[in-house]
Amino acid sequence: MLALGKLLELTLAGREPAEKTQLTVDGVRMRWLSEGALEVRPPEARDNGLDLLLSAGIHGNETAPIELLDRLLHDIARGDLKPRARILFLFGNPEAMRRGERFVEQDVNRLFNGRHELSSGFEALRACELERLAASFFNLPGRERLHYDLHTAIRGSKIEQFALYPWKDGRQHSRRELARLRAAGMEAVLLQNKPSIVFSAYTYDQLGAESFTLELGKARPFGQNQGVNVERLETRLKHIIEGTEPEPEQDTLDGLKLFSVAREIIKHSDSFHLHLPADVENFSELEVGYLLAEDIAQTRWVIEEDGARIIFPNPKVKNGLRAGILIVPASADGLA
Ligand SMILES: O=C(O)CCC(=O)N[C@@H](CCC(=O)O)C(=O)O
Ligand SMILES: [Zn+2]
């Protein structure tokens, strides 16, 4: 296999490759751009006009998606997978990956869309670099732009695999993309309804890509991901990469559950207290009247919404950040 196919090994070892560009047997060009960043370009005659950004390791301990990208890259480097799409592979936070931690000083996925400029430290610099890499990848006019930012969650979930779809004023969520996600094994999609500071929100808002955060299961260390079944996603990604994807069935969305954000729970102070068991699962339902959280100055978060559920509850986040998302069922009416 070509040395550049071993991007993960290079990244975990903190090494630069001796050769920055390599060609596979069938003329696919692999180019190392920076730590954890590799561009794959098919021969011009085979290029089908899709620019695909695949990122993982934005949180260093979320290893199933990192292993998935590693397998795809190996297949490309060996010539077993023959891309027709241009692809940018990104491992988001190499230092956190080496340490097996979500982040080192601060969460990279809270530093996009301008936030890194208000901060300092290597994670702020990395967020800036990831924005630059994504922006120069998505700078060719007239091409389809797609970004999947792959994650696993801190806790178990009543709905194992789901996507978060960013929001931009005046832009409608795409039914075709939802059907594609369904075909890739996603069981639910959270349709965001306000701007955000995560990576997928940056590529959606600033770079015009169809972008998603994908949650694939529970975070585990390298080599311990037998419980995370990414088979359907992996198959679909191979089809997308090779340009052999069957056109997804859009009419029914095949049972895909849609949710929208009712409220984001923001932790304002060290007095923040979340009234949920430590092992509560994502998508747990909460009754109307339930006191979900309390914070400084008698702030109380009481459930008012019918059908409310909680995702990503985390009382340990830094003050000012999201400590959970309260979601409610949504309809497919507003889709384009
Ligand atoms: O399990 C958790 O609490 C967090 C899992 C995770 O990392 N999720 C992403 C979602 C990004 C988005 O809102 O699109 C995150 O919190 O960064
Ligand atoms: Zn994550």
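This is a predicted model: local features need pLDDT of at least 70, side-chain atom pairs count only at pLDDT 80 or more; totals for chains, interfaces and linings use all residues.
Now turn to the core. In soluble globular proteins, nonpolar side chains tend to be buried together. Here the largest nonpolar core has 87 residues. Phe 89, Ala 163 and Val 189 touch the most other members. Helix α2, residues 63-78, supplies the largest share, with 8 residues. Where does this core lie relative to domain 1 and domain 2? Both domain 1 (3-254) and domain 2 (265-329) contribute residues, so the core lies between them.

Setting aside residues up to four places away in sequence, Val 189 touches Phe 162, Ala 163, Tyr 165, Leu 178, Leu 181, Leu 256 and Leu 258. One of these contacts, Ala 163, is itself among the residues that touch the most other core members.

Next, look at Ile 325. This residue sits in strand β16, which covers residues 322-329. Is Ile 325 buried or exposed? Ile 325 has 20 C-beta neighbours inside 10 Å, so it counts as buried; the cut-off for burial is 20 or more. Ser 260 is 65 residues from Ile 325 along the chain, yet their C-alpha atoms are separated by 9.8 Å.

A sheet comes next. Strands of a sheet pair through backbone hydrogen bonds, either parallel or antiparallel. In this case 3 strands form an open sheet, ordered β11-β13-β14, with antiparallel pairing. Which strands stand at the edges? They are β11 (273-274) and β14 (299-302). Each has a single partner strand, so one side of each is left without a neighbour in the sheet.

The bridges show how the strands are joined. Between β11 and β13 there are 2 bridges. Leu 274 has Ala 293 of β13 as its bridge partner. Ala 293 in turn has a partner in β14, namely Trp 301. Strand β13 spans residues 291-295 and is joined to β14 by 4 bridges. Another pair across these strands is Glu 294 with Arg 300 of β14.

Follow β13 into its hairpin with β14. There are 3 residues between the strands, and Ala 297 takes a positive phi near 60 degrees. Ala 297 lies in the loop between β13 and β14. Its positive phi occurs in a residue other than glycine. Ala 297 has 7 other C-beta atoms within 10 Å and is exposed.

How is Asn 113 classed by its C-beta neighbours? Asn 113 has 19 of them inside 10 Å, so it counts as partly exposed.

Note on methods. Residues are numbered from 1 along each chain as its sequence is written. Chains are lettered from A and ligands numbered from 1 in the order in which they are written. A nonpolar core is a set of buried Ala, Val, Leu, Ile, Met, Phe, Trp, Tyr and Cys residues joined through C-beta atoms within 7 Å. A residue is buried if 20 or more other C-beta atoms lie within 10 Å of its own, exposed if 12 or fewer, and partly exposed in between; C-beta atoms are placed from the backbone. Domain bounds come from an automatic or database domain assignment. Two residues are in contact if their C-beta atoms, placed from the backbone, lie within 7 Å. Two strands pair if DSSP finds at least two bridges between them.
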